[in-house]
Amino acid sequence: YSSFQLTIEQPLDGSRLQGTLKHLPPEIYRMKGICFLQDAPHQRILVQVVGRRVNLVSLGEWGDMRPRTEMVAIGLGADKQRLAVQAALHACIQTV
């Protein structure tokens with residue numbers, strides 16, 4: 001197994017993110033972290049992905065923390081999928 005971490009400073013579109021997370025490469029077994037969503041910019045959103053199951057839960061407000069998305073992906077050869085996953089998540093950045 002291997003893993004990698006991703007950080008994205010811009011808010012993500014929640015609908016696009018859920019769709020993206022449901023279609024991760026098969027090498028990614030699990031992903032988890034905190035997301036900064038345009039749909040709920042003041043809320044820290046816990047994201048947990050196992051296989052094709054995606055769960056998003058609010059953890060409350062950011063408070064003094066700087067809003068940003070920080071996620072970890074785990075899988076067999078996950079590190080080889082880093083660029084593909086990173087590109088897919090960056091495609092979820094909310095644009096005006």
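Across which strands does helix α2 lie, and at about what angle does α2 run to β1? In this predicted model, local features need pLDDT of at least 70 and side-chain atom pairs count only at pLDDT 80 or more, whereas totals for chains, interfaces and linings use all residues. Residues are numbered from 1 along each chain as its sequence is written, and side-chain values use heavy atoms, with hydrogens and water left out.

Helix α2 (residues 82-90) lies across β1 and β2 and runs at about 30 degrees to β1. Helices (H or I, at least four residues) and strands (E, at least two) are DSSP runs, numbered from the N terminus. Axes are lines fitted to C-alpha atoms, for helices over the stretch in contact, and angles run from 0 to 180 degrees between N-to-C directions.

An open, antiparallel sheet is formed by five strands in the order β1-β5-β2-β3-β4; two strands pair if DSSP finds at least two bridges between them. Because β1 (2-8) and β4 (53-61) each have a single partner strand, these edge strands are left without a neighbour on one side. On average, neighbouring strands of this sheet are turned by 15 degrees against each other, direction ignored. Helix α1 (residues 14-21) packs on the sheet and touches β2, β3 (43-50), β4 and β5, contact meaning heavy atoms within 4.5 Å. The direction of α1 makes about 140 degrees with that of β4.

Strand β5 (residues 69-75) pairs in the antiparallel sense with β2 (residues 28-35) over six bridges, and Lys 32 stands opposite Val 72 in β5. The antiparallel pairing of β1 and β5 comprises seven bridges; Met 71 in β5 is the bridge partner of Leu 6.
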